[in-house]
Amino acid sequence: MKIWVPCDAAAVACGADEVAAAIASAAGLSGETVEIIRNGARGMIWLEPLVEIERDGVRYGFGPMTPEDVPALFEDGDHPKALGPVEEIPFFAKQTRLTFARCGRTDPLSLADYEAGEGWQGLKRALELSGEQTIEEVITSGLRGRGGAGFPTGIKWKTVAGAEASQKYIVCNADEGDSGSFADRMLMEGDPFCLLEGMAIAGLAVGATKGFIYVRSEYPHAIRTLNAAIKAARAAGIIGDSLMGQGPAFDLEVRVGAGAYICGEETSLLNSLEGKRGMVRAKPPLPALEGAFGKPTVVNNVLSLAAVPWILVHGGAAYAEFGLGRSRGTIPLQIAGNVKHGGLFETGFGMSLGTLVNEIGGGTASGRPFKAVQVGGPLGAYHGPDDFDLPVCYEAFADQGGLVGHAGFVVHDDSADMLALARYAMEFCAVESCGKCTPCRIGAVRGMETLDRVAAGDPAAIELLHELCEVMEKGSLCAMGGFTPFPVRSAIRLFPQEFSLSQEAAE
């Protein structure tokens, strides 16, 4: 009897370890021979801990489970927490899982499980191709950075490949700091070999022999899993002195950040990686030419690198068949906040915002009317019901003064205080700014003060606030200060009455 209990941090926070211990105890008392497998999470967080039992090759789900629910698993009759076949649950069945195809299905640290699900097939194909051919597949796929900026991945690789240097690096940006974002963590904890394979393919394509995974210190489960996966892959001869015993050297190392949000910005990350203070670097030079330790460096997000093995196995053209416009492939949407069905939903670009919030997310958890959803992290814009027809893709959101970013969606009901949320955006920037440039360092503090004046009823403060937002957007050295105006402006535009404005004045 095989029973799966997730080891994902979200499941563990909901009591998965206690449920696993209760299953082992109940199995002993019942005399059942049970194999407990600690898999990754499926992404249906409202059902965690989600226990799965295999019967006739089909995995049936039970959740959310507690230790008290466990004895009934070994008794005849229907279980009160039974969900039916896991992959027929509507939230899961509607997905297009490419990057997360194995996540939740396998033991994250089992090489055998990984190989059984197309594992290492992308790397094997890359070993048969030239670096130029591999890069061309990635360009054909239309893959763009999934960390926020949306820069074409293949173009970045091509730049590094063409740079002349004695050493090149692959750096994975796993400093997932956006509120409402957890896809990177889920992938690292649930399918770490996928990330390792993507990085190895990138290294092979551009001529890099060393890779770093920069992980935020708040992810201890992911750090342990990655280190164990690197050790296993190295012991199996997949990485290290030679890729799979036939390619050039490529080794990996995990580096842990100290909790600075700004280190999600690639140049701050590189400074931190080198042991320096995490501060933004002026560009040029670009990291692709002078990155880690002054050498040409590919800096990609977890999800960008993890998409590469599927692209190499199935072809760039097959990946490009998914999506909308210049937003190709799939995007793992992370639904959080005041929402009934929070979790990870992977689908092709193009799903409407309204479908995501109401049909996939199930509306608000409180049952109160929907008010707004913030998209793209704490510096993303707010979107109201009038934007429900907006397709989830880079260009559509940019046209509306927003951004997809890392695809985190934080839902709010009608009790949300939008003036307070706008002030929080300025406060967040003030706390997390690296201090390198004046518009961000000083502007965010002035923004808090100005919004306090708005709250106190000062009519002249709004005009000053708009001028301040323009200075921050156009004068900041990086997106930290440049994007902070997004949530402020959108909150004013959508809910002018909460800022003591008419709709005409807000626009």
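Mentor: Start with one pair of residues in this predicted model. I3 has I53 in β3 as its bridge partner.

Trainee: What makes β1 and β3 a pair?
Mentor: Pairing takes at least two bridges. Strand β1 (residues 2-4) and strand β3 (residues 51-55) have two bridges, in the antiparallel sense.

Trainee: Why is the five-strand sheet called open?
Mentor: Its order is β2-β1-β3-β4-β5, with mixed pairing. β2 (35-37) and β5 (82-85) are the edges: each has a single partner strand, so one side of each lacks a neighbour in the sheet. From one strand to the next, the twist averages 25°.

Trainee: How do you know that β6 pairs with β9?
Mentor: Count the bridges. Five of them join β6 (residues 169-174) to β9, and the two run parallel. At least two are needed, so they pair. Y169, for example, stands opposite T297 in β9.

Trainee: Why is β9 called mostly covered?
Mentor: Buried means under 20% relative accessible area. In β9 (residues 297-301), five of five residues are buried.

Trainee: Which residues lie on each face of β9?
Mentor: T297, V299 and N301 are on one side, V298 and N300 on the other. They are all buried, so both faces count as covered.

How values were computed
Residues are numbered from 1 along each chain as its sequence is written. This is a predicted model: local features need pLDDT of at least 70, side-chain atom pairs count only at pLDDT 80 or more; totals for chains, interfaces and linings use all residues. Side-chain values use heavy atoms; hydrogens and water are left out. Buried means under 20% relative accessible area, exposed over 50%, partly exposed in between (1.4 Å probe, protein chains only). Helices (H or I, at least four residues) and strands (E, at least two) are DSSP runs, numbered from the N terminus. Axes are lines fitted to C-alpha atoms, for helices over the stretch in contact, and angles run from 0 to 180 degrees between N-to-C directions.
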